[in-house]
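Please read it alongside the sequence and the coordinates shown here.

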Amino acid sequence: MSSLSESCLHLDGFRVSGGSDLVCPGCGARLDAARVAEWVRDAERERDEAYSLIEGDEFGEIVREERQQEVYRRRKVMYELKSVPRIETARPEMILVAHDPGEDAYECRIFYKEPRPEHGMDHLTVEANMRAILELKSDPSPVVRTAARKVEEFHLSRMGFAEDGGHAPGRRVFYASDL
Ligand SMILES: [Zn+2]
């Protein structure tokens, strides 16, 4: 690593960049998962040093607190990274949206290319109104946001049918090319 990346605290965390490489947007350092784990251990070591070296005065207390916070921050970055690649690569192959007239809700079935990703969202239900659909569109999961956009598309087209006095279709299938 360059001296710049060694002094950088990677305050914005890392972005996944091609394959399993992680890049700090601040200094451009590239780390793999093992180096990120090492980066967390560095902070833990610095915290432990603070506990063993600094006397129990007020300043020492502040340093210990800061180093503990840094450990928490780095761990959080590491945990988030562990969950990101799995979600990002889970691209649905097909989404089926069906309107349930009894509940006035949309049932969404999400299909993946095999093998289905671990923890891959495969089913969700949302009330047939814009408030509920918009809320789903801000979900942290990209798969849920994709499904929400398709539900919105279907909902608006059904509203269009209703305004024209027509019979709105009860279901629609979206394929990978529509997602
Ligand atoms: Zn950095």
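In this predicted model, Ala-168 is in contact with Arg-158, Phe-161 and Ala-162, leaving aside its neighbours within four places in sequence. Ala-168 itself is found in the loop between helix 5 and strand 7. The protein chain as a whole holds 5 helices and 7 strands.

- Ala-168 has 16 other C-beta atoms within 10 Å; a residue counts as buried at 20 or more and as exposed at 12 or fewer, so Ala-168 is classed as partly exposed.
- The C-alpha atoms of Ala-168 and His-155 are separated by 9.6 Å, and the two residues are 13 residues apart along the chain.

**Chain overview**
- Read from the N terminus, the order of elements in the protein chain is α-β-β-β-α-α-β-β-β-α-α-β.
- The protein chain has 179 residues, of which 14% count as buried.
- Among contacts in the protein chain with a separation of 6 or more, 41% come from residues 24 or more positions apart.

- An open sheet is formed by 4 strands in the order 6-5-4-7, with antiparallel pairing.
- Strand 6 (123-127) and strand 7 (171-175) each have a single partner strand and stand at the edges, so one side of each has no neighbour in the sheet.
- From one strand to the next, the twist averages 15°.
- Strand 4 (residues 92-100) and strand 5 (residues 105-112) run antiparallel and are joined by 8 bridges.
- Ile-95 has Ile-110 in strand 5 as its bridge partner.
- Helix 5 (residues 142-163) packs on this sheet and touches strand 4, strand 5, strand 6 and strand 7.
- The direction of helix 5 makes about 45° with that of strand 4.

- In soluble globular proteins, nonpolar side chains tend to be buried together.
- The largest nonpolar core here has 14 residues, and those with the most contacts inside it are Ile-95, Val-97, Cys-108, Ala-147 and Val-151.
- Strand 4, strand 5, helix 4 (130-137) and helix 5 are the elements that give two or more residues to this core.
- Helix 5 contributes 5 residues, the most of any element.
- Not counting residues up to four places away in sequence, Val-97 touches Tyr-106, Cys-108, Lys-150, Val-151, Phe-154, Arg-171 and Arg-172.
- Two of these partners of Val-97, Cys-108 and Val-151, are also listed with Val-97 among the residues with the most contacts inside the core.

Key
Residues are numbered from 1 along each chain as its sequence is written. This is a predicted model: local features need pLDDT of at least 70, side-chain atom pairs count only at pLDDT 80 or more; totals for chains, interfaces and linings use all residues. Two strands pair if DSSP finds at least two bridges between them. Axes are lines fitted to C-alpha atoms, for helices over the stretch in contact, and angles run from 0 to 180 degrees between N-to-C directions. Two residues are in contact if their C-beta atoms, placed from the backbone, lie within 7 Å. A nonpolar core is a set of buried Ala, Val, Leu, Ile, Met, Phe, Trp, Tyr and Cys residues joined through C-beta atoms within 7 Å.
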